[in-house]
Amino acid sequence: MTSFLTPLLAELMAEEGVRAVFLTGSHARGEADAWSDLDLSVLVTEDRFARDTVSYREGRLVSVERRTVAGRGRAFTEPEAALWNLEALRTGRALHDPDGVFAALQARTQAFAWAEVEAQAHRRAGQLVAGMAEEVHKVIGGLHAGDGSKVGYAAAGLTFALGTAALLSTGTLVPTENRYLALAQGAWADPAWRGAYGTLAGLTDETWPGRGRAGLRAYGRAVALARWPDQALQTLAQEAASKAAAFLSA
């Protein structure tokens, strides 16, 4: 790996505005397999240098993400950014950090407590769940009409909105997107949620009508399990859940 990284790191260090480079992903965590890409994160001085690139190098897929320190710092103030970025910062391995900017970010992750963003996280979770009312109606309409495409589209939206809501509600961080569905399924210690979400997310061999019905059940459980700082959003979500329950019991 060192012989592969050395010329790549030299290229990155030669780019304008680079402050630090660190290794993230499965290679940083020691979990890489033969199909894993190489994830590199670059801290840059200005937003104009922020960009993502993906390329093959000697047959290996390399993903490079460039962000400012302030951009990476969103992980300490924005709940969704925290879900996806805190573990990458905690487990990242410095490759070039002459001014200690990555080390400072990594130190902040050790002091961070989810309570700092918990109130925002519950508000955002409520927005996500309530925002899926239309998808609930799409699932019901698709099941009624026998339209698998309509149900499948809505089920995809429900999978990620409800999954993220569960993660936000419980402060469950995502170390890798490969574990997103399993983590979302297990976020709430509720057997009905876990069963319904697993089917909705395609973690079983259920057919599309079964996935649609599971999506309606998962929605109902998410409404019941989420905390609701916003009464108007809760009322909207409860009405959608009521319609889902009525359809399922018909």
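## Helix 7 and its surroundings

Helix 7 is followed by Gly-146, a residue whose phi is positive, near 70°. The model described here is predicted. Helix 7 itself spans residues 133-145, and its 13 residues reach 19 Å from the first C-alpha to the last, close to the 18 Å expected at 1.5 Å a residue.

The buried residues of helix 7 are Ala-133, Glu-135, Val-136, Val-139, Ile-140, Gly-142 and Leu-143. Their cover includes helix 6 (118-130), helix 8, helix 11 (208-225) and helix 12 (231-249).

## Nonpolar cores

The largest nonpolar core holds 61 residues, and within this core Trp-114, Val-129, Leu-162 and Tyr-219 touch the most other members. Helix 8 (residues 148-170) gives the most to this core, contributing 10 residues. A second, separate core has 16 residues, among them Leu-8, Val-18, Leu-23 and Val-62.

The surroundings of Val-129 can be given in detail. With neighbours within four places in sequence left aside, Val-129 is in contact with Leu-162, Ala-165, Tyr-219, Ala-222, Val-223, Trp-228 and Ala-237.

An open sheet is formed by 5 strands in the order 3-4-2-1-5, with mixed pairing. Strand 3 (52-57) and strand 5 (93-96) are the edge strands, each of which pairs on one side only. From one strand to the next, the twist averages 25°. In general, the strands of a sheet pair through backbone hydrogen bonds, in either a parallel or an antiparallel sense.

Strand 1 (residues 18-24) pairs with strand 5 in the antiparallel sense over 3 bridges, and Leu-23 has Arg-93 as its bridge partner in strand 5. Strand 1 also pairs with strand 2, again in the antiparallel sense, over 6 bridges; here Phe-22 stands opposite Ser-41 in strand 2. The pairing of strand 2 with strand 4 (residues 60-68) is parallel and extends over 7 bridges. In strand 4, Glu-65 is the bridge partner of Ser-41.

Helix 5 (residues 101-111) lies across strand 1, strand 2 (38-44) and strand 5. Relative to strand 1, helix 5 runs at about 50°.

Glu-87 is located in helix 4 (residues 79-91). Its relative accessible area is 19%, so Glu-87 counts as buried, the cut-off being under 20%. Apart from neighbours within four places in sequence, Glu-87 is in contact with Leu-173, Val-174 and Pro-175.

## Salt bridges

The count of salt bridges comes to 15. One of them joins Glu-15 and Arg-66, whose closest N and O atoms are 2.9 Å apart. This pair links distant parts of the chain: Glu-15 belongs to the loop between helix 1 (2-13) and strand 1, Arg-66 belongs to strand 4, and the two are 51 residues apart. Glu-15 is partly exposed, with a relative accessible area of 23%, whereas Arg-66 counts as buried at 4% relative accessibility. Another salt bridge, with an N to O distance of 2.9 Å, brings together the side chains of Arg-74 and Glu-78. Arg-74 is partly exposed at 41% relative accessibility, and Glu-78 is partly exposed with a relative accessible area of 31%.

Asp-190 and Arg-221 also form a salt bridge, their closest N and O atoms lying 3.0 Å apart. This pair, too, links distant parts of the chain, with Asp-190 in the loop between helix 9 (180-187) and helix 10 (191-200) and Arg-221 in helix 11, 31 residues apart. Asp-190 is buried, with a relative accessible area of 12%, whereas Arg-221 is partly exposed, at 27%.

Terms used. Residues numbered from 1 in each chain as written. Predicted model: local features only at pLDDT ≥ 70, side-chain atom pairs only at ≥ 80, totals over all residues. Heavy atoms only, no water. Core = buried A, V, L, I, M, F, W, Y, C linked by side-chain atoms within 4.5 Å. Buried < 20%, exposed > 50% of the residue type's maximum accessible area, 1.4 Å probe, protein only. Helix = DSSP H or I, 4+ residues; strand = E, 2+ residues; numbered from the N terminus. Contact = heavy atoms within 4.5 Å. Pairing = 2+ DSSP bridges. Axes fitted to C-alpha atoms, helices over the stretch in contact; angles between N-to-C directions. Expected span 1.5 Å × (residues − 1). Salt bridge = Lys/Arg side-chain N within 4 Å of Asp/Glu carboxyl O.
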